[in-house]
Amino acid sequence: MLKLLHAILLGLFGAAVIHIAILFLLPTYSERDVWAAMAEEAAPYAFVRLGEGNTNPLLAEEQNPFFETAACRFDLERGMVRLTSAERVPFWSFSVYDRDGFNVFNTNDRSATNHALDALVVNAAQLLDLRKGVPETLASSLIAQTDIEEGMIVIRVFVPDESWRIIVERFFEDLRCEAL
């Protein structure tokens, strides 16, 4: 009976030590997320290529060998965000994530006019202002309304084979993420 009590107390003490250690380590590990890694790599509204070529381990994970990926951070308090690229590729998609990594919007080239990438990310107030009078340059843009202020846009482009690599690279060179 004494050995059982000793084992239970030892187990409780060990669990308490582990939980306290986790609480002390939590601030250290909570700062090592994709948002922080993106902030180290580039300023807001600048695209960072994700995948094998990136030196940051959080941004270097290769998810699918047939897709090339890039991401940019934005802040809707500075104005709506326009996402454009004039180059045509076989398939593109973009997703909007909040600062914690939750997907709040996604679409692909099948929703766009002529399969061209021209999109706006706006909040509700900006959408109301936009509907009062859409400028001619934004008339054919996809509109992604979100309830977030800060976030990330992730672009994925399909590369069917190596013969498309040059076109995909031109797509990423022409890719813009701008505050309006």
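**View 1. A disulfide joins C72 to C177, with an S to S distance of 2.3 Å.** This is a predicted model, in which local features need pLDDT of at least 70 and side-chain atom pairs count only at pLDDT 80 or more, while totals for chains, interfaces and linings use all residues. Residues are numbered from 1 along each chain as its sequence is written, and side-chain values use heavy atoms, with hydrogens and water left out. A disulfide is a covalent bond between the sulfur atoms of two cysteines; here it is counted when a pair of cysteine sulfur atoms lies within 2.5 Å. A search of the whole structure finds one disulfide. The pair links distant parts of the chain, since C72 sits in strand β2 and C177 in strand β9 (residues 176-179), 105 residues apart. Strands (E, at least two residues) are DSSP runs, numbered from the N terminus. The torsion about the S-S bond of C72 and C177 is about 60°, so this disulfide is right-handed. C72 is buried, with a relative accessible area of 0%, and C177 counts as buried at 5%. Buried means under 20% relative accessible area (1.4 Å probe, protein chains only).

**View 2. Strand β2 runs through residues 67-75.** How many of the nine residues of this strand are buried? Eight are, so β2 is largely enclosed by the rest of the structure. Now look at the partners of β2. Strand β1 (residues 48-50) pairs with β2 in the antiparallel sense over three bridges, and R49 stands opposite A70. Strand β8 (residues 150-158) also pairs with β2 in the antiparallel sense, over nine bridges, and there D75 stands opposite E150. Two strands pair if DSSP finds at least two bridges between them.

**View 3. R73 is a buried residue of strand β2.** Its relative accessible area is 11%. Which residues does R73 touch, leaving aside those up to four places away in sequence? They are W35, M38, A39, A42, A43, P44, Y45, G151 and M152. Contact means heavy atoms within 4.5 Å. R73 and W35 are 38 residues apart in sequence, and their C-alpha atoms are 8.0 Å apart in space.

**View 4. S93 lies in strand β4 (residues 92-98).** Is S93 buried or exposed? S93 is buried, with a relative accessible area of 12%. Not counting residues up to four places away in sequence, S93 touches T107, N108, V154, I155 and R156.

Key: Buried < 20%, exposed > 50% of the residue type's maximum accessible area, 1.4 Å probe, protein only. Helix = DSSP H or I, 4+ residues; strand = E, 2+ residues; numbered from the N terminus.
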